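Please look at the sequence and structure first, then read the points below.

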Amino acid sequence: AERRGEAVAAYDWAKQWYPVYPLAMLDGNGPVPVKLLNQELVLWRDGTGAWRCTGGICPHRLAPLSQGRVTQSGKLMCRFHGWCFRGADGACVKVPMAEGDAEAEARLLETPRTSLAIYPTKVVKGLLFVWPHAESASEAAAAEPFMSEELEEAPEWNVVDAPASWRVWMEQTWDPSHAPFLHQFTLPFFAPENAKAMKPFEIEDLGHAGLRVRHGGYMHGNEGLQAQRVFGAPCCNNSTYKYPDGREVGFHFYFVPTELDRVRQITTSYFRPAPSGDDDPSQGGLKGNQLTVSRVVPRGRTISEVPKERTGLVAAVLSRVERRWPHVARVRRGIKVLKILRGRLGDQDNAVLSFQDAVGLPSVQRGDMR
């Protein structure tokens, strides 16, 4: 890649910090399955009390380590045959069926071929981050995850596993102009007739660190808005809205690429009242939507997912049809999501973005769209 005529090193998506879970949502010692960049990983707390992230597939018979348990000595034990792994380096330290056989133990214990890949972890403001590149621990130690300085030390994190890819979700968070249309009636003044043309963004290129933009309002109800959006590579959008009376609200979004067409959204927010402490919009210059949105603080402590399909004869037949003709699945999914364009803001976003990802983009790639 090049920027301003200068060569720029390629961006390595694996050598980055990605948030995976708030500590408040991790019960006991695990193991907890997690997908990151389409890799099967597992989180668990070892005997030192540290949260580890290792490969999620046992090297013995390829069993899911997420179905195992953490022993009293702090080792990860596979449920299939009891192989045990150490957290510090992923080494296999016990094979029950080889005990007493010195030759077998020499061949199986603490050797590269029976060890798990171990990925660096770091906790920042109550959020557990993983570096999904096992061979670059020194680079991970020298890097810091992107995190807004405005957030308190242990904010309330909301987590949801959502359809659609990192690409469409990240693009959507840089598009405030959709709010009065897609989110009509969800908040006061969110209505098409209140939309107004935006002025061009002021853009600042931060190189591999990301991007910063500034913009104003996008509705007749928020002309005095001053907004800043920061893309903190690889997967964060930190958006701050300042209102005419000094009130400020910030939203911190992570869109973690878990699988090809899914992301884990991890979000929180902060709010600063007007210096006068007066919530009366007539005193602070706010009106309608500005006042309401500035009080919205997403909260949540459980992970939710898009509802799974019901099982049954019809579902089984459709499943077989879709395996044979994949385009049928894309069309079905597109029709389905268009039926849920009502409800909460996140539901509405999910509906459009999953359609865009599953139906719209493939149509462009096939040349069906002009």
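**Aromatic rings and cysteines**

The count of aromatic pairs in this structure comes to 10. One of them joins F251 and F253, which are stacked at 6.1 Å centre to centre with 20° between the planes. The model is a predicted one.

Aromatic pairs and cluster
- F253 also pairs with F255, again as a stacked pair.
- F251 is buried, at a relative accessible area of 10%.
- F253 is partly exposed, with a relative accessible area of 24%.
- F255 is buried, and its relative accessible area is 2%.
- A cluster linked by ring pairs contains W169, Y241, F251, F253 and F255.

Charge over a ring
- The face of Y21 has R264 lying over it, 4.6 Å from the ring centre.

Cysteines
- A disulfide is a covalent bond between the sulfur atoms of two cysteines.
- The count of disulfides in this model is zero.
- C58 takes part in no disulfide, and the nearest cysteine sulfur, in C78, is 3.8 Å away.
- C58 is buried, with a relative accessible area of 1%.
- For C92, the closest cysteine sulfur is that of C84, and the separation of 7.5 Å is too far for a bond.
- C92 is buried as well, at 0% relative accessibility.

Note on methods: Residues numbered from 1 in each chain as written. Predicted model: local features only at pLDDT ≥ 70, side-chain atom pairs only at ≥ 80, totals over all residues. Heavy atoms only, no water. Phe/Tyr/Trp six-rings, centres within 6.5 Å; stacked < 30°, edge-to-face > 60°. Buried < 20%, exposed > 50% of the residue type's maximum accessible area, 1.4 Å probe, protein only. Lys NZ or Arg CZ within 6 Å of the ring centre and 35° of its normal. Disulfide = S-S within 2.5 Å.
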